[in-house]
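Please look over the sequence and the structure shown here before reading the report that comes after them.

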Amino acid sequence: MISFNGITKRYPSGREALSDLSLEIAAGEMVFLTGHSGAGKSTALKLIGRIELPTRGQLIVNGQSVGGLRNAMIPAYRRRIGMVFQDHKLLHDRSIWDNVALPLIISGTPRRELDKRVRAALDQVGLLGREGSFPVELSSGEQQRVGIARAVVSKPPILIADEPTGNLDPDLALEVMLLFKRFNEVGVTVVIASHDVHLIDQLGYRRISLTGGRLATSTQSQVHA
Amino acid sequence: MLNVGTTNKILRFGEWHAQTLVASLGRLTRAPFGTALTVGIIGIALALPMSLEVFSMNARSAAGSWQTALDLSVYLKMGLSEKEVSASYASIAKQPGIATAQLIMPADALKEFRRWSGLGIAIDELKENPLPATVVVRPQPTHDGQAASVSINLLAHNLEAIPNVEHVRFDTGWVQRFTAILDSIRRAAWVLGALLSLGVLLVIGNTIRVDVEGRRNEIEVLKLVGGSNSFVRRPFLYAGIWYGLGGGLVALTLVHALVLALKGPLGRVAAAYGSKFELLGPNLGLSLALLASSVLLGWLGAWIFTNHQLRSIEPGQTQI
């Protein structure tokens, strides 16, 4: 599903975030990217989201070479990847409903289907009934769940999340992780960057550990095949 | 024939466009001061060339009502018999392009001259009438000064070819001069219009640019969730259309106010010269043309500047 083949990413500043990284993530898998900050977790996710381009190497996502995408093809590519951000990236002047509906509107979903699908996504993250609220009226954990609802509303085959629990207390963090687990159980490939080793160990999924932009260890999943 | 899927797609497309159109208007009304400023500048910029065009339009219609000054005097040869005079008169009156032809016999002409010249006694001393029979020809009215002067020259040429016509006197010089002045004013209106349109383009472009800059985060989010450039650009293009429409309406209002303010005084001046001239505002065609061009300018300005700007906003520049 996602395959890094000798990926190197060097930023214009000269910093090498990833060095000759090769790894495979299978379709339907749920994996955690761990490592200290600066280890290259975020960069790996940015490459998957085609937010950054690799300097060297080949990245294949959904059977497509990400480096070979023409500019005009990027929007369609991104629509097949749900992205969750640590700072949620919600539009603060729009209601929760509008925020979650955004990917559907962009892909030209018929209006009459919108409400049904937006409510279904909000129901999955436990926020049904808050459609009319604005992001500022929600707690940080709730905002993160709105971000997740937005990422999954158009049913993308891949879900990536960068430190989704970074700002949450342990109970809320677990709740959010269990949410990802539920999406993974219905077949979504989930890649989460997180430094919360304790929480990750609790969940028992495969853990890809990065150090200085290189693969340190890759454990096997303990509770799931 | 369109299949159902295509029709649905088009309907959906139209639906979203309509919604974006309304939403972008809503956004503008939420920043009333900035919007009013932009719309006001556009309005004033467009009102200037529009006023000049209305002025030259009125001047042309006024010129059309001064047809009397284009009369031709056709002098017949001296010493013609009455029969010869009426034969000449008949062939003059038959000429195409003539509205009226009035025959003045030598005796009547002398009487008239005696009355107006104040040389009564001196004229009485004359043994014979020195004046020829004259036909006063009024050409058919035309509103185009340039064409009038050409057709009058042609008419005069034809009249001179008629037997027993001695001389045709007319003055198209002033028509030509007047037409030339009007043409210069129109030309100035166009040049000014072109320059100020460029100004409008820049004003709208700059407004949109500031707007895009202020919504950088939103644009990044839209791109992150898969929004194409055309999707991201659309609300800004609609904002440009609204700015253009608003500016056009302000320009129309200003021009109408100007006409209204000048109507009374100019009417009195015209009345003092015995003219029924009335200052007219822009007609429907001109008004619609102004609105259409200002809407087009708004859209174009937004298009040029958002295209330039959106390329520089990519989510890669921020941390995810």
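This is a predicted model: local features need pLDDT of at least 70, side-chain atom pairs count only at pLDDT 80 or more; totals for chains, interfaces and linings use all residues.

Helix α3 (residues 96-106) of chain A packs against helix α5 (residues 140-152) of chain A at an angle of about 30 degrees, their axes being 7 Å apart. Because of that angle, α3(A) runs roughly parallel to α5(A). On the α3(A) side this contact is made by A:Ile96, A:Asn99, A:Val100 and A:Pro103, and on the α5(A) side by A:Val146, A:Ala149 and A:Arg150. Of these residues, five are nonpolar, one is polar and one is charged.

With helix α4 (residues 111-124) of chain A, α3(A) crosses at roughly 115 degrees, and the two axes come within 9 Å. Here A:Ile96, A:Trp97, A:Val100, A:Ala101, A:Leu104 and A:Ile105 of α3(A) meet A:Leu114, A:Asp115, A:Arg117, A:Val118, A:Ala121 and A:Leu122 of α4(A), a set that divides into 10 nonpolar, no polar and two charged residues.

| Helix pair | Handedness of crossing |
|---|---|
| α3(A) and α5(A) | right-handed |
| α3(A) and α4(A) | right-handed |

Turning to the two chains, the contact takes 25 residues from chain A and 22 residues from chain B. The area buried between chain B and chain A is about 2,300 Å², and carbon and sulfur atoms give 63% of that area. One salt bridge is counted between chain B and chain A; A:Arg94 forms a salt bridge with B:Glu218, in which the closest N and O atoms lie 2.2 Å apart.

Definitions and conventions. Residues are numbered from 1 along each chain as its sequence is written. Chains are lettered from A and ligands numbered from 1 in the order in which they are written. Side-chain values use heavy atoms; hydrogens and water are left out. Axes are lines fitted to C-alpha atoms, for helices over the stretch in contact, and angles run from 0 to 180 degrees between N-to-C directions. Helices (H or I, at least four residues) and strands (E, at least two) are DSSP runs, numbered from the N terminus. Angles under 35 degrees count as roughly parallel, over 145 as roughly antiparallel, 65 to 115 as roughly perpendicular and the rest as oblique. A crossing is left-handed if the near helix is turned anticlockwise from the far one by less than a right angle, and right-handed if clockwise. Contact means heavy atoms within 4.5 Å. Ala, Val, Leu, Ile, Met, Phe, Trp, Tyr, Cys and Pro count as nonpolar, Asp, Glu, Lys and Arg as charged, and the others, Gly among them, as polar. Buried area is the accessible area (1.4 Å probe) that two parts lose on being put together, summed over both. A salt bridge is a side-chain nitrogen of Lys or Arg within 4 Å of a carboxyl oxygen of Asp or Glu.
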